[in-house]
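Notebook open. I want to look at the ligand surroundings and then at some helix packing.

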Amino acid sequence: MAGKTLYDKLWDAHLVKQREDGSALIYIDRQLLHEVTSPQAFEGLRIAGRKPWRIDANLATPDHNVPTTDRSSGVEGIEDPVSRIQVKTLDDNCDEFGITEFKMLDERQGIVHVVGPEQGATLPGMTVVCGDSHTSTHGAFGALAHGIGTSEVEHVLATQCLVQKKMKNMLVKVNGKAGKGISGKDIVLAIIGKLGTAGGTGYALEFGGQAIRDLSMDGRMTVCNMAIEAGARVGMIAVDDTTINYVQGRTYAPKGEDWSNAVTAWKDLHSDGDAVFDNVIELDAADIKPQVTWGTSPEMVVSIDDTVPNPDNHSDPIVKEGINRALEYMGLKADAPMTSIKLDRVFIGSCTNSRIEDLRLAAEVVKGRKVADTLKQALVVPGSGLIKRQAEEEGLDVIFTDAGLEWREAGCSMCLAMNADKLGQGEHCASTSNRNFEGRQGFGGRTHLVSPAMAAAAAIAGHFVDAREYLS
Amino acid sequence: MKKFTQVTGIVAPMDRANIDTDMIIPKQFLKSIKRTGFGKNLFDELRYLDEGQPDQDCEGRPLNNDFVLNQARYEGSTVLLARQNFGCGSSREHAPWALEDYGFRCVIAPSFADIFYNNCFKNGILPVILDEKIVDKLFVELFDNEGYELTIDLESQCVKTTTGEIIPFEVDAFRKHCLVNGLDDIGVTLENTDSIKAFESKHKETSPWLFGAIA
Ligand code: SF4
């Protein structure tokens, strides 16, 4: 019999019940909650008179609506009344049901997908869910992590289980060593460019190969974060020493004897050598250059030394129409060099790229330089209050502010512009986030997805440039 | 949950691939803590010429007359015909809530994003996957015939055209069972309480560190 994939192992270890029709009940170890997708779930519990199945499986923090400027007046200080109610509702629900929450003024507050791993609330071998599609991030720990809808948030709260159908297995192998200055973001954008935004639909992706193994946990989280942008709900990476070293000593990580037992168990969290995948795609890391998206879907991506695509080079009418529509929305001309795209704003942050390593890279690029005076704004938004503090201890905040970037409080911020940070109509933004959909960062805003180094370099130049020119 | 057995209705076209959930319901409307009232903001950025705000009265807003849902011939439509990878992007269940609140009961497309597909079933909306060529053909028929209707029969798993054509589709048995009977799936899962408890105590024995760390 063929060996098991990592996904097979995680699935089998959480299978409560397999139904004949192919659906199954899967046990959920951890649910992360935030203010946007949970209020209707708590309301549902109340209406049905149900209680959470296991309170200690949950951890909550507000992130989407929190302001990233002055927070001294707390929730009451959120100017937008609708946002304020949503954050307050999370606080009230967590208080009522006894769920641990890092509230807005807690230093541990931040973007759920940054906070979970940071606290050791995400562990190898777990099943992790959250009412947010970027829950795939947690797969970087050799965990099975799904984004779910609000009805499922309620379902997991009430039953500790999720109804699932087993997905197919896909291995995405990035062979060889990535070049200098090539980050997890460039790697994952290149993968999405190859696979397409629906290429991973119905699959659990496992990322492997030397270039993936070489990444730190921060880089691996960036890669898994964007699995959903290739259509896959789940992305994961096998456990190794990098994983274990990251987890050790974190607040909610196992201690003492539990720790050594856990490590022994985690060492098996990789695909067996003879495991069979339903699909395998391979990339050569050496071919990957800094990536920039030009269109309105993450698959609309090219290398920095490339040009904006020309619809006339494509024969499929749907593809052609898609390119035309994207060019129109983005206000770009076919065949223009990517380096000719001028920027209005720069955003460094989001659950994709707001961790300490991302901030260090961006700081390295801007150190001793000044933001282009054609730029309206360049924002740096750390992923959590703790990352903010660490960055300040390392002096990164001063490097940013000296260069003319704004240093903010933790949250989702301009990733989806539910708070006050947003693009104006027609503005181009170099963003380290994960989605360049129409209107994502503000009505009529134009998003280009890039790595932190590329965003930082663009802030200095005022247009896209190869960030490697700015790295020592 | 609303039952779905059979629906007959006017079909509206969404002739564009990769319609994402940000497009179905833009983020500013996600600030609501309710499940209802999203219909008036369905496809807000495509439907209106200005930028919509939550809690705004949409009556006097400038309409984009080119947008399909603003055209008289699609008024009262309950079926949406779409292109590949419909519902990609954010997991927001507000997307099916908005479609349902507007009046759609069924979306037909060659493919759907996983989370959206799943969310539809929880909200009384049936997502139907049909072969790309068949979808192409339906688009042609739809554009050629004002008042074009389809019947979607979940029990016998087929789409029926007014000319008598019958197009079968696949749907998994458990989801169909819940939708046809309008079942609350939390209730269905809780029928397995014993199995869940048995699993949980075994899990706690083998991986005690997964329990109790967060007080
Ligand atoms: S940072 Fe962006 S993608 Fe991540 S959870 Fe927040 S809004 Fe979603």
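By class, how many nonpolar, polar and charged residues does the shell around the ligand have? I get five nonpolar, five polar and two charged. Ala, Val, Leu, Ile, Met, Phe, Trp, Tyr, Cys and Pro count as nonpolar, Asp, Glu, Lys and Arg as charged, and the others, Gly among them, as polar.

Ground rules: this is a predicted model, where local features need pLDDT of at least 70, side-chain atom pairs need 80 or more, and totals for chains, interfaces and linings use all residues. Residues are numbered from 1 along each chain as written, chains are lettered from A and ligands numbered from 1 in written order, and side-chain values use heavy atoms, without hydrogens or water.

I listed the residues around the ligand (a heavy atom within 4 Å); among them are A:H64, A:H113, A:D132, A:H134, A:C351, A:C412, A:C415 and A:R440.

Next, helices (DSSP runs of H or I, at least four residues, numbered from the N terminus). I took axes as lines fitted to C-alpha atoms over the stretch in contact, with angles from 0 to 180 degrees between N-to-C directions.

Helix 2 (residues 39-48) and helix 3 (residues 81-97) of chain A have axes that come within 10 Å and cross at roughly 40°. Helix 2 of chain A also packs against helix 5 (residues 150-159) of chain A at about 50°, axes 8 Å apart.

I then checked helix 6 (residues 184-195) and helix 8 (residues 217-225) of chain A: about 25°, axes 8 Å apart. They are therefore roughly parallel (under 35 degrees) to each other.

For handedness, a crossing is left-handed if the near helix is turned anticlockwise from the far one by less than a right angle, right-handed if clockwise. Helix 2 and helix 3 of chain A cross left-handed, while helix 2 passes helix 5 of chain A in a right-handed crossing.

Terms used:
Helix = DSSP H or I, 4+ residues; strand = E, 2+ residues; numbered from the N terminus. Parallel < 35°, antiparallel > 145°, perpendicular 65-115°, else oblique.
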